[in-house]
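With the structure open in your viewer, please follow the stops below in order, selecting each part as it is named and turning the view until it is clear.

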Amino acid sequence: MQDQVPVLRLSEYQTGSVEARERFCGALFAALQRFGFVIIRDHGVNDRLLNEAYRLVADVFAQPTDVKERYTVPGGHRGYTPFGTEKAKGSETPDLKEFWHIGPERPIRSALDAKNIWPEEPADFKKTLTELFDALHGVGENLLEALTGKLDVPTDYFKTRVADGDSVLRLLHYPPIAHGANPQALRAAAHEDINLITILVAAQGAGLELLDRNGTWLPVENEPGDLIVDTGDMMARITNGVLPSTTHRVVNPAGPNVSRYSMPFFMHLAADTPLDCLPSCVGDGFDHAPITAGEYLLERLKENGMI
């Protein structure tokens, strides 16, 4: 059994031959079925943008706590969420992290929507992170389109449903583990993502692990500039488990006790989208009560202690 998350090149789908596109689609589907994860290279998001974004993320979290907390709002939909606020579903111990949420720059359209909150410093934070949000959204559209053939839906099936989605770019800071920290606490306890797919810009620092099908924890190894993609619970639900949502975590550092920075892009459907099973995935039955993407997200945010 393969024990490494596959690496694929998105350029094969974006500009490749018919054969290359078909090969990419099959490999993407197989990787998400097997691992729930895949590593993407040649994705078109340039290194300059990724490096500048990480520089600004480090700068914004380096500000004093009282400055960061000026940008905190109830519910954490946008702006800053303080250290120790969020905990994984089913966990009693908060994660060892702080983060900042950025959504699409648009008028408010749902109860989960909100205006973005931008810090006064550092300069270019809004410009750079908005550019990154849009770039990752474009990559997500490509990946979702590449899945449509295997799922037997029109090529624009996902694109039309994520166009007004409640997608979020989360800027994460895992500080050095403090002396006396709860020994049960992890940087991110074992969890599954809520959304459709997640596109994670390769983190600055190791620690990401997935729970393999054989019950062992498998480190997700990648290169700088890679995008790590995983399927969330919404995708698992609408595909009836054909594309499963894989448990993963971020473990505390075994080496130097330094900060870790990470930028996951959580791609969401529009809030009013029903999470109905795709016809090609019904199989022997679909045992879930009707619910919309927005209702499902609210339920999970309550379970995570965010609202």
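Select S6 and strand S11, residues 248–250, and you will find two strands that pair in the antiparallel sense over 2 bridges. Within this pairing, pick out Ala188, whose bridge partner in S11 is Val250. What you have on screen is a predicted model, and this should be kept in mind at every stop.

Now widen the selection to the sheet around these strands, which is an open sheet of 4 strands in the order S6-S11-S8-S9, with antiparallel pairing. At its edges lie strand S6 (188–191) and strand S9 (217–219), each of which pairs on one side only. Looking along this sheet, you can follow how neighbouring strands are turned by 20° against each other on average, if direction is ignored.

The next selection is another open sheet, with 8 strands in the order S1-S2-S10-S7-S12-S5-S4-S3 and with mixed pairing. Its edge strands are strand S1 (7–9) and S3, and each of these pairs on one side only, while the twist from one strand to the next averages 25°. Zoom in on S1 and strand S2 (residues 37–41), which pair in the parallel sense over 3 bridges; here Arg9 has Arg41 in S2 as its bridge partner.

Which strands does H3 lie across? The helix lies across S3, S4, strand S5 (168–174), strand S7 (197–204) and strand S12 (260–267), and it runs at about 115° to S12.

Move on to helix H5, residues 125–151, whose 27 residues reach 38 Å from the first C-alpha to the last, close to the 39 Å expected at 1.5 Å a residue. Just after H5, select Asp152, which takes a positive phi of about 60°.

For the aromatic rings, show the side chains of Phe, Tyr and Trp; the whole structure holds 8 aromatic pairs. One of them is formed by Tyr13 and Phe24, a tilted pair with 5.8 Å centre to centre and 35° between the planes. This pair links distant parts of the chain, with Tyr13 in helix H1 (residues 11–14) and Phe24 in helix H2 (residues 18–34), 11 residues apart. Both Tyr13 and Phe24 are buried. Another tilted pair is that of Tyr71 and Trp100, at 5.4 Å centre to centre and with 45° between the planes. Tyr71 lies in the loop between helix H4 (65–68) and S3, whereas Trp100 is in strand S4, so the pair ties together parts that are 29 residues apart in sequence. Tyr71 and Trp100 are buried as well, and they belong to a cluster in which ring pairs link Phe61, Tyr71, Tyr80, Trp100, Trp118 and Phe125.

The last stop is Thr93, placed in the loop between strand S3 (79–81) and strand S4 (98–102). Is Thr93 buried or exposed? Thr93 counts as buried because its relative accessible area is 17%, and the cut-off for buried is under 20%. Leaving aside neighbours within four places in sequence, Thr93 is in contact with Lys87, Asn182, Gln184 and Ala185.

How values were computed: Residues are numbered from 1 along each chain as its sequence is written. This is a predicted model: local features need pLDDT of at least 70, side-chain atom pairs count only at pLDDT 80 or more; totals for chains, interfaces and linings use all residues. Side-chain values use heavy atoms; hydrogens and water are left out. Buried means under 20% relative accessible area, exposed over 50%, partly exposed in between (1.4 Å probe, protein chains only). Contact means heavy atoms within 4.5 Å. Rings of Phe, Tyr and Trp (its six-membered ring) pair if their centres lie within 6.5 Å; planes under 30 degrees apart count as stacked, over 60 as edge-to-face and the rest as tilted. Two strands pair if DSSP finds at least two bridges between them. Axes are lines fitted to C-alpha atoms, for helices over the stretch in contact, and angles run from 0 to 180 degrees between N-to-C directions. The expected span of a helix is 1.5 Å times one less than its number of residues.
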